[in-house]
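Hi,

Here is the structure I promised to pass on. Have a look, and then read my notes below.

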Amino acid sequence: MMNSPLLLSHFIERAERYFPTKQVISRTLNGKKSLTYQQIGERTRRLASALAQFGIKKGDRVGTFAWNTHRHLEAYFAIPGIGAVLHTINLRLSQDHIAYVINHAEDRVLFVDADVWPLIAQLRDQLSSVEAFVLMSDGELPEVDWPNVFSYEEFIAKGDPSFEFVQSIDETSPAGICYTSATTGKPKGVVYSHRGIYLHSMALGLADTAGLSEKDVLMPVVPMFHVNAWGLPFAATWFGTTQVMPGPQFTPQVLAELIDEEKVTLAAGVPTIWLGLLRELETGVYQTEHLRAILCGGSAAPAAMIQTFEQKYNVPFLHAYGMTETSPLVTVSMVKSYQADLNEEETLELRAKQGLVVPGLEVKVVGPNGEVKPDGAEMGELLIRGPWIADHYYKAEEVSDAFADGWLHTGDVATIDEEGFIKLVDRTKDLIKSGGEWISSVDLENAIMAHEDVFEAAVVSVPDPKWQERPVACVVLKDPNKGSVAEADIRRFLEGKFPSWWLPDRVIFMDELPKTSVGKFLKRALREQVKEQMEANR
């Protein structure tokens with residue numbers, strides 16, 4: 001067989017050659033902008049050329065501090081196209097963590113969207129490695145006396161539109177780096193190789209995963225700084241898929257309008273995004289019949305939300321699982337052909353699971369001593385290995401316990417049923433141990449969110465002198481119903497669904513729940529809030 005290197009430059013070259021008229025629709029601060037893949041290709045080559053002229057070379061890190069736009073997409077291919085490493089920086093990290101990841105990665109150039117420029121400006125004196133800043137906007141440059149601050153459009157205008165991407169790149173060399181959102185400690189860098197992204201992109205096109213194809217209109221709502229928008233912009237460009245970039249500071253209304261106006265067929269995001277969209281769909285008249293699927297990951301999706309999308313709006317819901325260390329696709333919940341006759345309740349139960357491992361990866365569930373758990377309800381830690389799974393953290397001073405014996409130890413507690421469907425029970429740190437028995441906060445959360453008056457719910461543990469730990473539910477009600485639901489109503493709603501000792505001792509109603517930078521519940525902060533509130537009420 002030919003030993004052809006698997007490089008990301010092949011993606012943009014294919015889009016230019018075979019899909020030159022297909023479009024990338026980008027929502028910017030100045031309105032929507034449409035470019036063809038031919039135009040995107042030329043601009044990408046100009047950017048790659050301009051970076052090379054500036055002195056960026058193989059292995060150098062180049063950071064992006066940006067939303068989902070066409071300019072960010074161009075950076076996705078221009079930076080790896082010269083052998084450099086694309087570092088997508090999470091806009092929602094704390095200022096200390098933003099400075100830390102830029103310095104830790106040793107980014108030489110930063111590409112920054114105009115509306116988040118003030119965040120970087122405040123950190124300027126803390127950034128030890130950055131030699132140039134490129135403002136990604138159509139407007140004027142800010143008034144600063146720093147050297148090497150460029151307008152994006154002026155920067156790429158100096159580049160060669162026929163620039164040839166570097167081909168002498170080892171496919172196992174770094175193409176990108178993302179840092180974990182670090183709910184505790186400092187963020188950790190995960191490096192993605194050309195080969196890993198290439199194979200991961202292939203997996204996204206399989207019929208039994210996301211099934212992404214040329215005929216799709218993709219809207220990646222998941223940020224391009226979060227695990228490369230789940231790798232979707234890479235795969236979509238390669239396949240010639242029309243892409244709709246939602247841009248800065250979008251709202252549920254903006255998303256609903258884009259889905260309607262651009263006839264989006266596949267949209268991807270975390271559960272909190274889709275909860276907000278459902279609320280918007282209830283208030284307006286939007287056309288959603290062209291949506292062939294919602295792709296949801298990041299945390300467990302409530303079964304009630306899945307049911308609403310599929311039954312009320314006739315939109316199939318693809319529940320998936322992954323993490324920063326896995327590029328991220330690991331599982332997708334697809335009902336098997338011979339399961340088509342299952343009743344509605346059984347089908348929904350399957351759809352709410354994280355699903356089957358995608359081709360190319362291996363998984364297993366193990367106990368505390370490394371013993372493999374048999375199929376069924378027995379819980380254990382989920383372990384993963386495969387060609388797009390990380391095997392270390394970038395510049396880690398010590399070998400992490402997450403990587404041992406050739407497996408990624410996820411820290412996620414799961415079960416695998418007899419059909420191979422994986423169900424996440426909890427994070428190891430979020431499981432509640434009460435009276436020597438385990439309680440799944442995720443199962444309780446999903447059950448509570450099935451209540452018709454509940455918008456969001458999170459369950460955390462509190463210390464208990466008798467039982468060691470007990471669950472407390474934190475609930476956000478839908479706006480029209482605030483004050484109309486009592487603590488006893490939530491407990492009654494859960495009765496019969498779980499053993500009595502699983503039921504939360506307290507239900508605390510809140511205006512909002514703290515979330516991480518990527519929309520997951522921030523349990524650490526929530527535990528502190530609960531502790532303070534319970535102490536105040538003593």
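Glu445 and Lys523 are both buried (under 20% relative accessible area; exposed is over 50%, partly exposed in between, with a 1.4 Å probe and protein chains only). They form a salt bridge, with the closest N and O atoms 2.9 Å apart (the cut-off is a side-chain nitrogen of Lys or Arg within 4 Å of a carboxyl oxygen of Asp or Glu). This pair links distant parts of the chain: Glu445 sits in helix α14 and Lys523 in helix α16, 78 residues apart. Helices here are DSSP runs (H or I, at least four residues), as are strands (E, at least two), numbered from the N terminus.

Before you read on: this is a predicted model, where local features need pLDDT of at least 70 and side-chain atom pairs count only at 80 or more, while totals for chains, interfaces and linings use all residues. Residues are numbered from 1 along each chain as its sequence is written, and side-chain values use heavy atoms, leaving out hydrogens and water.

The whole structure has 26 salt bridges. Another one joins Arg43 and Glu153, again with the closest N and O atoms 2.9 Å apart. Arg43 is in helix α2 and Glu153 in helix α6, so the pair ties together parts 110 residues apart in sequence. Arg43 counts as buried at 12% relative accessibility, whereas Glu153 is partly exposed at 26%. Both belong to a network of salt bridges with shared partners, together with Arg71, Glu74 and Asp138.

Glu487 and Arg506 make a salt bridge too, with their closest N and O atoms 3.7 Å apart. Glu487 lies in helix α15 and Arg506 in strand β26.

Cheers
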